[in-house]
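Here is a short report for a first look at this structure. It takes one chain as a whole, then its parts, then its neighbours.

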Amino acid sequence: MSAPTDKTLLQVEGLRTVFETRDGTVCAVDGVDVIVERGECLGVVGESGSGKSVTFNSVMGLVRSPGRIEAGRIMFEGRDLRALNQTEMRAVRGRDIAMTMQDAMTALNPALTVGEQIAEMLEAHDKGLPSGRNARRRAIRAHSVKMLGLVGIASPETRLGQYPHEFSGGMRQRIMIAIALASMPKLLIADEPTTALDVTIQAQVLELITDTRAKLGMSVVLITHDLGVVAEHCDRVMVMYAGQVVEQGRTADVIMRPKHPYTKGLLGSLPRLSLRGQRIEPIEGQVPELIDLPAQCRFYSRCRERGPECLKNIEMRDAGNGQTARCVRVQKELAT
Amino acid sequence: MPDTDTKASTGPVQETIFRRNMRNFVGNRLAFGSALVVLIFIFLAIFAPLVAPHDPAETDLFRRLQPPAWMPGGEWSYLLGCDALGRDILTRIIYGARISIFIGAAVVLVATTIGIIAGLAAGYLRGWVDMVISRVVDILLGFPYLIFAIGLMAMMGPGLINIIIALVYKEWVIPCRVVRGETLVTRELEYVEAARALGASGRHIMLREILPNILSPVIVVSTIRMAHVIILEASLSFLGLGVQPPTASWGAMVSDGRAFILQAWWVSTFPGIAILLLVLAINVASQGLRDAFDPRFHE
Amino acid sequence: MSLARFVERLLQLIPVLLGVSVIVFAMITLTPGDPVQIMIGDQIVTPEQEAAMRRDLGLDRPIHERFFAFLGNAVQGDFGQSFYHRRPVIDVIKERLPATIELSLVALIIALVTAIPLGVLAAIKRNSFLDRLATVGSLLGVSLPGFWFGILLIMLFAVHLQILPVSGRIGYASEIEPITHLLLIDTLLRGRVDAFFDALSHIIMPAITLGLPMTAILMRVTRTSMLEVMRQDYITFAEAKGLSRQKVLFRHALKNALIPTVSVAAIETGSLLGGNMIVETVFGWPGLGRLVVESIFVRNYPLVQAAVLFYAVTYVMLNFFADILYTILNPRVKL
């Protein structure tokens, strides 16, 4: 893992988040390292249950009982977020790190108008609002209108007074992004911003995120299970499997020369217009249960390249060029 | 032919689910304990003449308002003291359990039977049958329960059978709604479609295919209702509209004691505790039953 | 809620109200035996009086005619004569109604102000001692027979501690000229603070007894729906915005959690009506509930009939308002 530089915004080290269940302790995130540089877009890829969302909920301090963070450091601009108290953490949430959630249908409060839900974000973080009561209200309103305009919602003045159910799914996703961006965060965590949307709207929402990133100079973590989205929008990519990072590197490198069999499998299952006629190959088998895992490669049961040397704990290995992967064969490839 | 076929396919599955649910229920210690309390009450009610220390109607004016055994003037053979006619309160509580449990069970049993038939008919046959039944249900729901029962009792006059009738009049609506709702869902399921495609009769489908699969929620609701019915019966007796004296009933015993709250608190207090204990035990046990049987509460 | 939907819902009331009146009519008409003979019982009446009663009940006319006459009169507020009071039934009811309304309102307020905070606290501090206490309390609340609980209260506070009066609505010394007929309000309007506290001391035990089951039910509903809401994505999102805990709980969670509570409260207000008869009997409260019970024993059937109809219509209307309230509170329900 490379050492943090001035350019590093977020650095997570050895994060371990567990959930207590009736059947035992589920280790949803097991020793995950993440680095996000200023201004970059990191793609996080993996199947559901791979620990993508839990990792970044941990960063936000939003892991709820019966879950808890067991180990690891979460450094944001040089501060360890795990050492912050509730009040300090609340100041980070929303202002420094904002998040959008998977399902915009359920993430907006049905009983509050869209305007109220943007305004409270601004009030909570009070960035340069005037002090007078009326001036303040006008400033908040003007800013809310601007934000809705920014995410491409027509006639924002009237829309502010409406309830979430009066908007379509794509619009709600945009509104959620508008709320997240309202206090100009340094980092936006976008958790599957496109899963619930149809294809044309997907593209629009992703364009929107990429554009505002450029305009505001913020960093973005784009959580998705779609490598195609990553290829188009992300500078770097991190592939997760069964609670671990299995491969990470520059997007171009990982996509052109995947090192881990799981990444290869994912790429194999990606429909590509350029490779017309190529079959989509789903990876066979299932993600292992994350309780009492044996000391072996977690992908073992589904791997096409498995061998007896895989039956031990595997570390991340350097594949050169900043690309690393959690596979015993990475070294071999370098040797040949 | 389709008869044996479906039996074979659904029978064993039902049983294992039932067993697993029962195991869950027994594992819930509080609920299981409450179920035991209910069983003890039932036992006392059935064997009242054998377990009760005295005759419930035996009056003894020398024991008028005799306090419970542990108070000065009490006697251990009259554990909970005596009422204004010198009758043993414990004995009358034991006999009172007969009335409460008998009425509770009879009302719930009759109401559930009617409710199942009406609910199945409404949910499965739909059309005008559903229209008529649902309308009647709506109308009966338009009455506060106790007022409806009081109105009926006022017109019919007191008596054991009349209480049962007065309560059943409205009680059947509750299982009926549950059954209708479950039937509406179940009738669209594949195995019911299959039975229909095989030419099974409506009666066969309702009773053999649908009913066994919706029985769990109905049983759970019925047990909870039993607690309500027991309180309703006690309320009617309290108002003097229940079983007539000298038959012992808990509500009437509490009412009798009202005249003596200044000098003999025990006359009202103990029968009330009996009602509370039984109703609470039924409520806790049925909640445990619901948690164990209703998949919607499995997390 | 659209106007069309409102009108539709309003029209649906008609068959229910009609059905309710058929049943109330049938209660007295289709009962075996001669109602007039039952009503007379062992009283001594002249043949003229008996004929008047018969005519008053319309027993000399065919049944459908009698029903429509009953319905027509009922709509105009005419429920015949109360032989016992020697006055029109409607007047007797009007006289007793304010006491019942006052008692029900106070019970409702007690239930709301205790159940909602307790339910919310129990949900926030899930599995804490307080939560368990609330769960046990709500089970007790639905299992306690109201008449017995009332008597226990009387024994404790009126007989033993002697800090509250045994029964009645207000002491003789505190009687005042009525304005709204709600004594808690009238005493204040007349500037009689002493009388207000007197009235309050009379109403407190019956109101608690009447409100107890409702408190238990509302607390359970509030707790469950609060827990349900706290699991929702929009709560996580609100937290992700960095809002304060109070804002998340009260602005985001409570507002949604109270929707079921409010509609259950509206429905349960109807069930207060049923509890009235018991509670008013226990505490000698001079309301409609006790009037009905008294009337049953003097076989004053026209009054019982009118009161049952009145209760049922109120109940149906309350359920209707509960329904409307639910759709108004819940912007998601598109009808």
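How many helices and strands does chain C have? Chain C has 13 helices and two strands. Keep in mind that this is a predicted model.

## Chain C as a whole

The C-alpha atoms of chain C fill a box of roughly 85 × 55 × 40 Å along the principal axes. The chain has 335 residues, and 44% of them count as buried. Take the contacts in chain C with a separation of 6 or more: residues 24 or more positions apart account for 72% of them.

## A helix pair in chain C

Helix H5 (residues 89–124) of chain C packs against helix H9 (residues 193–230) of chain C. The angle is about 35°, and the axes are 6 Å apart. The crossing of H5(C) and H9(C) is right-handed. Residues of this contact divide into 23 nonpolar, five polar and one charged.

## An enclosed helix

Is helix H10 of chain C largely enclosed or open? Helix H10 (residues 233–240) of chain C is largely enclosed by the rest of the structure, because six of its eight residues are buried. A residue counts as buried if 20 or more other C-beta atoms lie within 10 Å of its own. The buried residues of H10(C) are C:Tyr234, C:Thr236, C:Phe237, C:Ala238, C:Glu239 and C:Ala240.

What covers these buried residues? The cover includes parts of chain A: helix H1 (52–60), strand S6 (97–100) and helix H3 (104–107). It also includes helix H11 (245–282) of chain C. After H10(C) comes C:Gly242, with a positive phi near 85°.

## Where chain C touches chain B

Here, 36 residues of chain C are in contact with 34 residues of chain B. On the chain C side, the elements that give two or more residues are helix H1 (3–29), helix H6 (129–143), helix H7 (146–160), H11, helix H12 (288–297) and helix H13 (301–329) of chain C. By class, that side has 29 nonpolar, seven polar and no charged residues.

## A helix pair in chain B

Helix H4 (89–125) of chain B meets helix H10 (residues 202–238) of chain B. Their axes come within 7 Å and cross at roughly 145°. The crossing of H4(B) and H10(B) is right-handed. On the H4(B) side, the residues that meet H10(B) include B:Ser100, B:Val107 and B:Tyr124. Among those on the H10(B) side are B:Gly202, B:Arg225 and B:Glu233. Residues of this contact divide into 14 nonpolar, five polar and two charged.

## A loop residue in chain B

Where is B:Ala84 found? B:Ala84 is in the loop between helix H3 (48–51) and helix H4 (89–125) of chain B. B:Ala84 is partly exposed, with 15 other C-beta atoms within 10 Å. Leaving aside neighbours within four places in sequence, B:Ala84 is in contact with B:Arg64, B:Leu65, B:Asp256, B:Phe260 and B:Val267. B:Gly123 is 39 residues from B:Ala84 along the chain, and their C-alpha atoms are separated by 53 Å.

## Annotated regions of chain B

An unreviewed UniProt entry lists residues 30–52, 102–125, 145–169, 214–240 and 260–282 of chain B as "transmembrane region". Over residues 30–52 of chain B, the chain is 91% helix and 0% strand. The end C-alpha atoms of that stretch are 28 Å apart. Over residues 145–169 of chain B, the chain is 88% helix and 0% strand. There the end C-alpha atoms are 10 Å apart.

Conventions: Residues are numbered from 1 along each chain as its sequence is written. Chains are lettered from A and ligands numbered from 1 in the order in which they are written. This is a predicted model: local features need pLDDT of at least 70, side-chain atom pairs count only at pLDDT 80 or more; totals for chains, interfaces and linings use all residues. A residue is buried if 20 or more other C-beta atoms lie within 10 Å of its own, exposed if 12 or fewer, and partly exposed in between; C-beta atoms are placed from the backbone. Helices (H or I, at least four residues) and strands (E, at least two) are DSSP runs, numbered from the N terminus. Two residues are in contact if their C-beta atoms, placed from the backbone, lie within 7 Å. UniProt positions are given in the numbering used here, feature names are shortened, and annotations may be inferred rather than shown by experiment. Axes are lines fitted to C-alpha atoms, for helices over the stretch in contact, and angles run from 0 to 180 degrees between N-to-C directions. A crossing is left-handed if the near helix is turned anticlockwise from the far one by less than a right angle, and right-handed if clockwise. Ala, Val, Leu, Ile, Met, Phe, Trp, Tyr, Cys and Pro count as nonpolar, Asp, Glu, Lys and Arg as charged, and the others, Gly among them, as polar.
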